[in-house]
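Reader: Could you walk me through this structure, one question at a time?

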Amino acid sequence: MDDIDDIVREFLIESYENLDQLDQDLVALEGAPGSRDLLSSVFRTIHTIKGTSGFLAFSDLERVAHVGESLLVELRDGRRQMDHHTTDVLLRMVDTIRDLLGRIESTGAESGVEVDAVVAVIQAALDGTDLGGTDVAEPAAEAAAADISPADSAPAESVSADAEPDVSPVVVVAAPAPVPAPAPAPAVVPALALPAPAPADVPEASVSRGTSDSSIRVDVDLLDALMRQVGELVLVRNQIAQLAGSDAEPELTRSSQRLSLIASELQEGVMKTRMQPIDHIWSKMPRIVRDLASSCGREVRLDMVGGDTELDRSLLESVKDPLTHLVRNAIDHGIEGPDDRVTAGKPATGVLTLRAYHAGGQVIVEVRDDGAGINPQRVAAKALERGLKTVEQLEAMATGDLLNLVFLPGFSTAATVTNVSGRGVGMDVVRSNIESIGGAVEVESEVGRGTTWRLRIPLTLAIMPALTVRSGAEIYAIPQVSLQELVALDTQKTQEAIEHIGTAEVYRLRGSLLPLVRLSDVLGQPRGEAESAVIAVLQADNQRFGLVVDKVLNNEEIVVKPLAAQLKSIGIFAGATLMGDGQVALILDVQAIARRTLTGEVADVDQHAASGRAVSSVPVTELLVVGIGSGRRVAIPLALVTRLELIAPDRLEVVGGHEVIQYRDAIVPITRLARTLGAYDDDAGEEIPLVVFTRGGRTVAMVVSEIVEIVSDDGAERSTVDDRGLLGSIVLSGRVTELLDVPAALAQVDPRFYDEAPVDLTTGEALHAGSRSAEMVGV
Amino acid sequence: MSTQYVTFRIGEALYGVEVMRISETLGHHPRTPVPLAPAGIAGLVNLRGQVVLTVDLRPRLGLAPLAPDAVSMMVVVEVDDDSISLLVDEVGEVLTLDDDQFESPPDTLGADLRELITGAYKLETGLLLTLDVDAALAA
């Protein structure tokens with residue numbers, strides 16, 4: 001039986017299921033002869049069997065199905081009325097097909113089942129030369145039995161002739177075994193039962209279960225109900241474990257541990273029942289790829305690796321459309337035409353690889369092509385053209401993040417709109433579909449080498465591992481999927497370790513700046529004066545951020561309960577769950593919190609470094625670092641600065657509520673940088689440092705607390721913070737330094753400072769935009 | 001004709017909801033507050049393994065909302081196949097009331113309360129105000 005290949009096995013399983021349905025349909029049809037639905041269902045089934053058997057070269061099977069189909073066509077077209085005799089004939093056809101399938105299953109070939117008789121009977125019915133009217137049922141069925149019984153012994157020789165010799169002795173007894181499922185027609189059942197030998201005679205049959213016996217169809221609702229109940233059981237188990245933990249009674253502890261084990265196994269088992277190999281949705285891909293490749297004029301080879309990777313069936317459904325879209329996209333936009341490929345020095349045939357595997361409690365599905373790749377600059381240009389991002393926003397983004405712009409709604413890089421893809425609906429839908437099931441989608445691309453789309457999908461939805469944390473008096477759950485690491489801060493360290501850029505808090509995690517979000521702020525609650533805090537480093541899309549919570553409680557498996565409709569609109573909770581003590585806890589929606597609290601430009605530096613796409617050749621910018629009090633340091637591109645001065649405080653004068661200074665025979669307006677950036681002004685020194693900016697005939701002087709140093713910015717460590725007057729932050733000389741938005745700062749004191757020479761403005765922008773500018777000029 | 005009402009007290013007034021809409025009445029359950037929730041949402045409770053939303057009608061009725069940890073009884077109402085729990089001060093008896101005791105609310109009743117209160121039964125002990133639970137618990 002092992003030598004039956006997968007296609008045949010699939011065919012057998014599907015056909016057995018269809019045949020069971022067919023029995024019912026035929027009988028129902030007899031009761032309601034006019035039902036078009038039933039007729040077309042029956043017709044479809046037989047038609048499928050006929051087609052597939054022709055394809056698989058089972059000619060006897062095809063012959064039976066073919067003549068049966070002819071009879072069904074007449075019924076379907078209304079040229080013949082369903083009557084008792086016709087039903088008998090059709091049921092007999094079904095039985096014969098079943099025999100043939102059984103024979104194929106046990107021997108791999110169909111020979112050995114007598115089909116001529118049944119074909120003749122059906123043909124007779126078709127020709128109207130009925131063999132005896134309606135009361136023929138009984139004899140006909142017995143004839144069927146007679147057909148089968150000799151078939152079991154007599155043609156065995158013929159089997160041994162063309163099949164493996166060692167199989168043939170088994171065949172004789174094993175063949176009738178798969179003749180299963182009592183056919184609903186009473187006249188046929190006893191007749192069928194006759195030829196089946198006593199079970200004692202068929203040791204082989206009991207050893208290996210038939211294909212149809214080894215799998216059953218189960219109502220999905222039942223599985224869902226089981227899943228829910230197992231969820232409850234896990235909950236109760238958690239409660240018991242808690243009770244047993246505090247109680248030292250050894251008996252209870254032992255029982256509790258055992259319960260815990262059994263519950264886990266049960267949970268796993270029930271989850272497995274809902275698992276289906278991803279092959280189920282991949283099986284349609286070869287066809288899609290073939291059709292699409294020929295219509296797009298591409299040569300594509302499809303490789304599929306890991307098709308047996310299993311996923312919860314509800315998840316599988318949700319993955320289907322995004323995956324199909326990615327495959328279409330890869331062929332339409334990714335893989336080039338054969339000529340272009342050859343010109344680029346690649347084989348004419350492109351390779352599209354689908355790969356699925358388990359990693360870290362998730363299933364990863366990759367769609368990889370070796371096509372042209374995605375050009376980040378084109379993506380940026382497109383985003384600008386569509387008005388999705390401004391030049392400034394784009395300049396502040398790292399190359400890796402530019403690729404993620406394709407996930408924005410309304411984005412499409414297709415130069416021409418085709419009927420395949422490129423209508424501006426696409427990647428954003430892919431992303432929202434995947435995120436709606438708690439997954440994530442990533443893209444990696446190398447120009448000229450290809451693109452990889454990676455879907456991260458949770459194994460199941462109903463139960464998930466989570467970290468429980470405390471904020472204020474309440475407990476919240478953070479899905480482990482998003483959690484990267486935890487950083488504990490004690491009281492003293494909390495004050496020092498959290499640094500500020502404007503109003504934004506950051507933490508230095510292994511040398512790079514991690515934007516911080518306080519959970520209490522997200523929840524709109526007062527900050528507690530907690531003694532210690534923990535930073536949960538979370539990954540959302542391609543942004544990483546630290547969520548500051550009061551305390552970390554536990555790692556546990558939580559059962560996800562849906563939220564009431566009234567609470568969904570809040571938008572930062574993914575659901576609710578019950579804790580071991582029965583208390584309700586809310587599950588945080590990390591993606592939503594990230595979207596809400598991080599503006600798109602807040603990029604995490606470490607990500608860029610990690611993805612290896614840090615821009616390597618960047619113009620070095622000289623930066624003037626000044627202090628503005630409270631230990632804050634601000635960097636100003638030196639190229640914009642005209643002079644540095646030290647003046648006595650009494651040289652500052654006030655005109656109409658504004659501070660001015662007489663400087664080189666002109667009255668120059670003064671701006672205090674500390675005030676511009678919302679810091680406390682702690683001058684009162686003997687001399688005040690001034691930074692002087694001059695453009696054309698206009699001059700502005702800026703008061704700072706101290707001139708610190710001049711350093712070179714190599715553009716590597718940089719993060720943007722959405723705060724007024726600032727472009728972002730950089731680590732200079734080991735300290736977090738804020739990068740001043742000079743035009744914005746000067747505009748506050750002299751709105752016309754940059755009015756006169758707009759050409760210079762771009763130069764200024766190019767300068768302060770630093771590392772990104774060289775690349776972005778083309779945009 | 002007569003209708004059966006489950007009665008309960010919120011503040012000074014006695015309210016009634018048709019008995020068919022009520023699945024059960026319960027004593028106090030600790031509530032988990034939901035940050036940023038709309039006014040009137042009093043948190044979530046664990047009802048035998050189900051997470052159920054609790055609603056405090058007081059703000060809608062012009063009263064000060066209950067404190068998050070205030071002890072309160074609950075009337076569980078079925079709305080669109082979902083269970084929602086109303087926080088009440090005291091659950092009263094189930095009354096069978098003749099329809100001819102019923103009167104529509106007076107014209108002087110404000111528009112926002114008119115949405116909630118469909119009318120009143122004139123009892124000997126006072127008025128029983130009938131609540132439109134669908135309006136009261138609309139998302």
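Author: Gladly! Two residues are in contact if their C-beta atoms, placed from the backbone, lie within 7 Å. This is a predicted model, where local features need pLDDT of at least 70, side-chain atom pairs count only at pLDDT 80 or more, and totals for chains, interfaces and linings use all residues. Residues are numbered from 1 along each chain as its sequence is written, while chains are lettered from A and ligands numbered from 1 in the order in which they are written.

Reader: How many residues does the contact take from chain A?

Author: Both chains take part in the contact. Chain B brings 17 residues to the contact, and the number from chain A is 19.

Reader: Which element gives the most to the side of chain B that touches chain A?

Author: Strands here are DSSP runs (E, at least two residues), and helices are too (H or I, at least four), numbered from the N terminus. On chain B, β4 (41-47) and β5 (50-55) each supply at least two residues of the side that touches chain A. With 4 residues, the element that gives the most is β4(B).

Reader: Is A:R508 buried, partly exposed or exposed?

Author: A:R508 lies in strand β12 (residues 504-509) of chain A. A residue is buried if 20 or more other C-beta atoms lie within 10 Å of its own, exposed if 12 or fewer, and partly exposed in between, with C-beta atoms placed from the backbone. Because A:R508 has 15 C-beta neighbours inside 10 Å, A:R508 counts as partly exposed.

Reader: What separates the C-alpha atoms of A:R508 and A:I498?

Author: Along the chain, A:R508 and A:I498 are 10 residues apart.
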